[in-house]
Amino acid sequence: MNLSLEVRDLHVAYRDHAVLQGINMQLREGELTGLIGPNGSGKSTLIRAIAGIASGARGTVRIAGQCLRDAPLKARAQLGFAIDPQRLPPLLNGRQCIEIVVDLRQARSMLTRTWQLAEALRLTPWLDAPVHTYSLGTRQKLAIVQALIGEPALIVLDEVLNGLDPLAAFALKRELRARADAGAAVLLATHGLEVAQRLLDRALLLLDGQIAEDWNRAALDSFRADPDGGLEHAVAQRLAASV
């Protein structure tokens, strides 16, 4: 099975503070992987480094075989990344924001699918309103739709379930499962351990800028089968052991 993401010896430091310390990881086609960990563990920094927007990052990131440093345009063409909702252009409306990304990705043939996703996320009523009138949750939906335009080999989302209403969250989880089943690799940073336990094929626990645990499907299945434990219990035990 081909690799959709390969990260080697990734370091990020801010003002002499090491945030990521030699991250090595691989995501294969068809894997829906969760990135979990406490606040301050480096999850958002890792997501930003994979997207190529973390300043001071050192190491190698390859997306679908393309090196982010040496061939950034080719690498990003394979990446579906949900930008910070606050960075969406405030004077454009949602439809314009989506169509710009559709044209950049040359994905006109998949525009119908994009509008269907917007409908599933309950974004459609807002598409013709300017972004500056959106709530944070509505901006979140727009950023998600933009990330999922076309058929990116790697989808990277940072805590996107947090501001979604229940129906939109359900629709997104179904969409991510479908994308993974179709061959995309999905990396979802989340605090929702119950959601992660039910949804994921794999879970990476990040502690102090390093990957402390890599639980595969068999491990997650064992957590699901344990009514008294589960992923939350496993994470709590690992955190207690690190103190």
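Student: Which residues of helix α8 are buried?
Tutor: This is a predicted model, where local features need pLDDT of at least 70, side-chain atom pairs count only at pLDDT 80 or more, and totals for chains, interfaces and linings use all residues. Residues are numbered from 1 along each chain as its sequence is written, and side-chain values use heavy atoms, without hydrogens or water. Look along residues 217-225 (a helix is a DSSP run of H or I, at least four residues) for those that are buried (under 20% relative accessible area, 1.4 Å probe, protein chains only). They are Ala-219, Leu-220 and Phe-223.

Student: Why do the buried residues of α8 line one face of the helix?
Tutor: Look down the axis of α8 and find where its buried residues fall. They line one face because they keep within an arc (of directions from the axis to the C-beta atoms) of 95 degrees.

Student: At the start of α8, which residue has a side-chain oxygen within 3.2 Å of the backbone nitrogen of Ala-218?
Tutor: Begin with Ala-218, which is exposed. A side-chain oxygen reaches to its backbone nitrogen. That oxygen belongs to Asn-216.

Student: Which residues of helix α4 are exposed on its other side?
Tutor: In α4 (residues 111-120), the buried residues are Leu-111, Thr-114, Leu-117 and Ala-118. These fall within an arc of 115 degrees seen down the axis, so they line one face of the helix. On the other side, the exposed residues are Thr-112 and Gln-116.

Student: What do the buried residues of α4 pack against?
Tutor: Start from the buried face, with Leu-111 and Leu-117 among its residues. Its packing partners are α3, α5 and α6 (166-181).

Student: Which residue just after α4 takes a positive phi?
Tutor: Step just past the end of α4. The phi there is about 65 degrees. The residue is Arg-122.

Student: Is Ser-55 buried or exposed?
Tutor: Ser-55 sits in the loop between α1 and β4 (57-63). Its relative accessibility is 51%. Ser-55 therefore counts as exposed.

Student: How far apart in space are Ser-55 and Tyr-14?
Tutor: Leaving out residues up to four places away in sequence, Ser-55 touches Val-12 and Tyr-14. In sequence, Ser-55 and Tyr-14 are 41 residues apart. From C-alpha to C-alpha, the distance is 8.3 Å.

Student: Is Glu-31 buried or exposed?
Tutor: Glu-31 lies in the loop between β2 (17-28) and β3 (32-36). Its neighbours, not counting residues up to four places away in sequence, include Gln-26, Ala-180, Ala-184 and Val-186. At 11% relative accessibility, Glu-31 counts as buried.

Student: Which residue joins its side chain to that of Glu-31 in a polar contact?
Tutor: Among the residues that Glu-31 touches are Asp-201 and Arg-202. A polar contact is a pair of N or O atoms within 3.5 Å; within protein, one must be able to donate a hydrogen and the other to accept it, and residues adjacent in sequence count only if both atoms are side-chain atoms. Here the contact is 3.1 Å, and the partner is Arg-202.

Technical notes. Buried means under 20% relative accessible area, exposed over 50%, partly exposed in between (1.4 Å probe, protein chains only). Helices (H or I, at least four residues) and strands (E, at least two) are DSSP runs, numbered from the N terminus. Contact means heavy atoms within 4.5 Å.
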